Amino acid sequence: MDKTVSDLATAVAGIEDGMTVMIGGFGGSGSPIELIHALIDRYRETGHPKDLVVINNNAGNGHVGLAALIEAGMVHKLICSFPRSADPVVFTEMYLAGGIELELVPQGTLAERIRAGGAGIPAFYTPSSYGTDLAKDKPVAEFDGRMYVQERWLKADVALVKADTADTFGNLTYRMAARNFNPLMCMAASEAIVQASRIVDAGGIDPEVVVTPGIFVQKVVEVADPLQEEDLNRANAAYSLEA
Amino acid sequence: MEKLSNNQIAWRAAQDIADGAYVNLGIGFPEKVAQFQPDGREAIFHTENGLLGFGQAPEAGSEDWDLINAGKKAVTLKPGAAFFHHADSFAMVRGSHLDVAILGAYEVAENGDLANWSTGPKGVPAVGGAMDLVHGAKRVAVITDHVTKKGQPKLVKRCSLPLTGVGCVTRVYTSLAVIDIENGRFVLREKLPGLSLEDLQAVTGAELLVPGAVADLVVPEV
């Protein structure tokens with residue numbers, strides 16, 4: 001078994017119009033910039049994929065990565081907890097102009113909905129958002145004297161994920177706080193596509209330190225020295241359609 | 001009216017954090033609390049994006065952008081730090097594993113309701129972890145100026161802004177006083193020594209109960 005694919009374009013070639021795409025990362029940390037840019041490249045060449053539903057904690061920063069994906073017009077709905085950043089102009093302008101839908105989800109609920117999707121749990125109850133505007137029209141129930149809100153699982157056709165080391169079986173480790181949503185999204189997507197800073201042979205990762213077991217991973221592509229969103233933004237980089 | 005600076009409010013809140021406590025500080029003003037841990041005590045700070053045991057910001061130029069806090073600011077690691085994924089991070093939050101969460105506020109009501117995520121329907125809504133953080137920590141404290149910039153009470157009978165959580169706040173540290181929320185009422189514990197009860201009540205939007213002695217709120221210049 002070898003889940004390695006040769007290049008980024010091959011890795012994202014199967015993503016189709018209208019798919020739900022989970023994108024890992026919290027802000028720039030753990031964001032699979034190269035996979036996102038490969039998807040934008042394909043859209044630029046073929047006009048596809050578009051009308052994507054994207055699930056991420058944020059809504060992009062500046063004009064690279066997720067922000068560039070939105071700016072290219074490929075995303076029709078975003079499910080996230082915090083669509084603000086140092087430079088949220090792309091999402092903000094599109095949202096206020098009615099060009100993109102937003103489903104706002106409390107961050108812990110977002111994480112647990114994704115985990116539930118990967119774990120085969122269709123719904124669960126959480127105290128978060130009870131009594132607030134974000135719980136409107138959701139079922140509630142009392143357990144041991146406290147009120148809870150029912151939340152549904154989130155699943156995706158594809159997850160774009162950034163890892164540190166991958167082996168050919170798809171076992172993954174992450175680097176520091178770049179872990180965040182990435183392991184959960186691997187579980188919740190039908191196809192987890194992973195960019196890793198290095199790919200080693202099976203056996204090259206100590207089984208004791210594997211964070212995401214390879215059963216949750218379908219494709220792995222090597223991207224040595226990956227870009228960091230924060231560095232790109234400090235250099236005023238833009239990955240626009242005209243680039 | 002004499003009042004505490006934000007640093008002084010943060011200092012006062014820090015005095016109530018025990019050695020070894022697991023603490024989440026909200027983004028912005030609450031982050032200041034970390035600077036004022038009393039000597040001999042060490043709290044372990046949690047950040048929503050999957051890290052326990054982070055320290056202060058690194059020097060400019062030596063940031064590692066894989067090592068950030070929930071405010072997307074670069075941080076450093078302290079000995080004993082641990083990384084984990086987002087679902088585990090919020091299990092720590094909702095599962096009663098944190099000892100204290102300290103948050104900012106637009107409004108706090110006497111029934112413990114908190115409004116701190118939205119000032120209304122204009123613009124782009126964003127909630128982040130605010131609605132999760134108000135549930136599960138053993139203590140949920142608020143640090144805030146006692147009144148708004150326009151002088152209106154931030155401690156109110158009922159919140160008028162969109163709620164973050166219902167009945168969740170247990171203590172409020174303000175620029176004038178320390179107030180507990182018990183059985184749906186504000187209970188005054190400490191106030192600035194030069195401030196009369198009448199003057200404090202006049203800038204508070206609901207009745208202050210004074211069941212016992214009120215200690216002087218004395219904070220060093222910090």
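This is a short tour of a predicted two-chain model, stop by stop.

Before you start clicking: residues count from 1 along each chain as its sequence is written, and chains are lettered from A and ligands numbered from 1 in the order in which they are written. Because the model is predicted, local features need pLDDT of at least 70 and side-chain atom pairs count only at pLDDT 80 or more, while totals for chains, interfaces and linings use all residues; side-chain values use heavy atoms, with hydrogens and water left out.

**Stop 1: helix α1 of chain B**

Select residues 6–14 of chain B. Helices here are DSSP runs of H or I with at least four residues, strands are runs of E with at least two, and both are numbered from the N terminus. Seven of the nine residues in this helix are buried, so the rest of the structure largely encloses it. (Buried means under 20% relative accessible area, exposed over 50%, and partly exposed in between, using a 1.4 Å probe and protein chains only.) The buried ones are Q8(B), I9(B), A10(B), W11(B), R12(B), A13(B) and A14(B). Now show what covers them: the cover includes β5 (100–103), β8 (139–144), β10 (171–174), β11 (177–182) and β12 (185–191) of chain B.

**Stop 2: the nonpolar core**

A nonpolar core is a set of buried Ala, Val, Leu, Ile, Met, Phe, Trp, Tyr and Cys residues joined through side-chain atoms within 4.5 Å. The largest one has 57 residues, and V23(B), V33(B), I102(B), V108(B), L114(B), I143(B) and V169(B) touch the most other members. Your helix from the last stop, α1(B), gives the most to this core, with five residues. Centre on I143(B): leaving aside neighbours within four places in sequence, its contacts (heavy atoms within 4.5 Å) include I9(B) and A13(B), along with F29(B), V33(B), I102(B) and Y173(B). Apart from this core lies another, of 35 residues, among them L35(A), I36(A), Y43(A) and A59(A).

**Stop 3: where the chains meet**

Show both chains. Here 35 residues of chain B are in contact with 46 residues of chain A. The buried area, meaning the accessible area (1.4 Å probe) that two parts lose on being put together, summed over both, is about 3,400 Å², with carbon and sulfur atoms giving 63%. On the chain B side, pick W65(B), D66(B) and V124(B): they lose the most area to chain A, together 22% of what that side buries.

Next, zoom in on R94(B) and E112(A), whose side chains meet in a salt bridge (3.7 Å, N to O). A salt bridge puts a side-chain nitrogen of Lys or Arg within 4 Å of a carboxyl oxygen of Asp or Glu, and the count between the two chains is three. Colour α2 (86–94) of chain B too, as α2(B) supplies the largest share of the side that touches chain A, four residues.

**Stop 4: two buried asparagines**

Go to N69(B), in the loop between β3 (51–55) and β4 of chain B. N69(B) is buried, with a relative accessible area of 6%. Contacts beyond four places in sequence include F26(A), across in the other chain, and T47(B).

Finish at N171(A), in the loop between β8 (156–167) and α6 (182–188) of chain A. N171(A) counts as buried, at 18% relative accessibility. The C-alpha atoms of N171(A) and I215(A) are separated by 7.8 Å, though these residues are 44 apart along the chain.
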